[in-house]
Amino acid sequence: MPSLFKRFFARLPMARSTRAYDFALAQVDLSRAARVLEIGAGQGFGAAHLSRTLPQAQVVSVDITTECLKPERLETGPRPPLFIQATAPALPLAAASMDAVFLVMTFHCLPQPQQVIREAARVLKPGGVLILADVDGHHWMARPFEWVEHAFISPLTHAYTPEELAELTARAGLVDFHIQRRPGKEKGFMMWAFATKKPPR
Ligand SMILES: C[S@@+](CC[C@H](N)C(=O)[O-])C[C@H]1O[C@@H](n2cnc3c(N)ncnc32)[C@H](O)[C@@H]1O
């Protein structure tokens, strides 16, 4: 990965946006969540935002690299996020330990996508929710997005369609898969996928 481009990309204001997190948080009630996992910390702004918005929760944020992370620049909540360097297909976390797993603008560039969703399902508590915000593979911008990513960021990038995500989550045993889009921006390129680990009967 060309590290210079990655560092430049990380400085863009859009890389600090927490709007995708806010829309997700408005769809699910995490006010009683004790532990929340983010896969793909990037600069850490998303994890810091989660720690402010969910002050009762311990946020854990995993990334394969700490290259972009600037902990000293982050405004965190009362419990600062715990940043862990690890790869998404092999999370060093206990089974059934998380109330929610966030993947914001990250799933498209991960290796072993089915294994990543299985890992997310493994670490979720029964009743816990997977929240995946990313580029909709059906949108016309998905192909140019993939070209740019392949050229400068990652050869792995794939913009998943809702149907592909539905299949990946179902195979991992998650239920209640559904897609949400911002009201008034239904034709935008961002989509939010939600799926739940079956609660105990
Ligand atoms: C575009 S950033 C998204 C950061 C943040 N979620 C946000 O929305 O601002 C994607 C992140 O995924 C991380 N990543 C890439 N491959 C990974 C892997 N195998 N395991 C964990 N994280 C990975 C990258 O290092 C990068 O920080």
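# Sheet, shell and loops of a predicted model

Biologist: What joins β1 to β4?

Modeller: 3 bridges join them, and the strands run parallel. Against the cut-off of at least two bridges, β1 and β4 therefore pair. Glu38 has Phe102 in β4 as its bridge partner.

Biologist: Why is β4 called mostly covered?

Modeller: In β4, 6 of its 7 residues are buried. Buried here takes 20 or more other C-beta atoms within 10 Å.

Biologist: Now a residue of β7. Why is Trp192 called buried?

Modeller: Trp192 lies in strand β7. Trp192 has 21 C-beta neighbours inside 10 Å. The cut-off is 20 or more, so Trp192 counts as buried.

Biologist: Which residues does Trp192 contact, beyond its neighbours within four places in sequence?

Modeller: Phe23, Ala24, Gln27, Ile131, Ala133, Ile179 and Gln180. Asp136 is 56 residues from Trp192 in sequence, and their C-alpha atoms are 8.9 Å apart.

Biologist: Let us turn to the loops. Why is Ala95 called exposed?

Modeller: Ala95 has 12 C-beta neighbours inside 10 Å. Exposed means 12 or fewer, so Ala95 is exposed. Ala95 is in the loop between β3 (82-85) and β4 (98-104).

Biologist: What does Ala95 contact, leaving aside its neighbours within four places in sequence?

Modeller: Ala95 is in contact with Arg122 and Val123. Lys125 is 30 residues away along the chain, with a C-alpha separation of 7.6 Å from Ala95.

Biologist: What is the phi of Ala96, and what makes it worth a look?

Modeller: Phi of Ala96 is near 50 degrees, a positive value in a residue other than glycine. Most residues other than glycine have a negative phi. Ala96 is also in the loop between β3 and β4. With 12 other C-beta atoms within 10 Å, Ala96 is exposed.

Biologist: Why is Met105 called partly exposed?

Modeller: Met105 has 18 other C-beta atoms within 10 Å. Met105 lies in the loop between β4 and α4 (113-123). Met105 has a positive phi of about 50 degrees, although it is not a glycine.

Biologist: On to the ligand. Which residues come nearest to the ligand?

Modeller: Of the 20 residues around the ligand, Gly40, Gly42, Ile64, Ala88 and Val104 come nearest. α3 (45-53) and β2 (58-63) each supply at least two residues of the shell.

Biologist: How many residues of each class are in the shell around the ligand?

Modeller: The shell has 13 nonpolar, 6 polar and 1 charged residues. Gly counts as polar in this scheme.

Biologist: Which residues of α3 are buried?

Modeller: Gly46, Ala47, Ala48, His49, Leu50 and Ser51. The buried residues of α3 pack against α2 (19-27), β1 (35-39), β2 and β4.

Biologist: And the whole chain? How many helices and strands does the protein chain have?

Modeller: The protein chain has 6 helices and 7 strands. Along the sequence the pattern is α-α-β-α-β-β-β-α-β-α-α-β-β.

Biologist: Why is the protein chain called as compact as a globular protein of that length?

Modeller: The radius of gyration is 16 Å. The globule rule gives 17 Å for 201 residues. The two values are close, so the chain is as compact as a globular protein of that length. Its C-alpha atoms fill a box of roughly 45 × 40 × 35 Å along the principal axes.

Biologist: What share of the 201 residues is buried?

Modeller: Buried residues make up 34%. Of the contacts with a separation of 6 or more, 67% come from residues 24 or more positions apart.

Key:
Residues are numbered from 1 along each chain as its sequence is written. This is a predicted model: local features need pLDDT of at least 70, side-chain atom pairs count only at pLDDT 80 or more; totals for chains, interfaces and linings use all residues. Helices (H or I, at least four residues) and strands (E, at least two) are DSSP runs, numbered from the N terminus. Two residues are in contact if their C-beta atoms, placed from the backbone, lie within 7 Å. The radius of gyration is taken over C-alpha atoms; the globule rule is 2.2 Å times the number of residues to the power 0.38. A residue is near a molecule or strand if its C-beta atom, placed from the backbone, lies within 6 Å of it.
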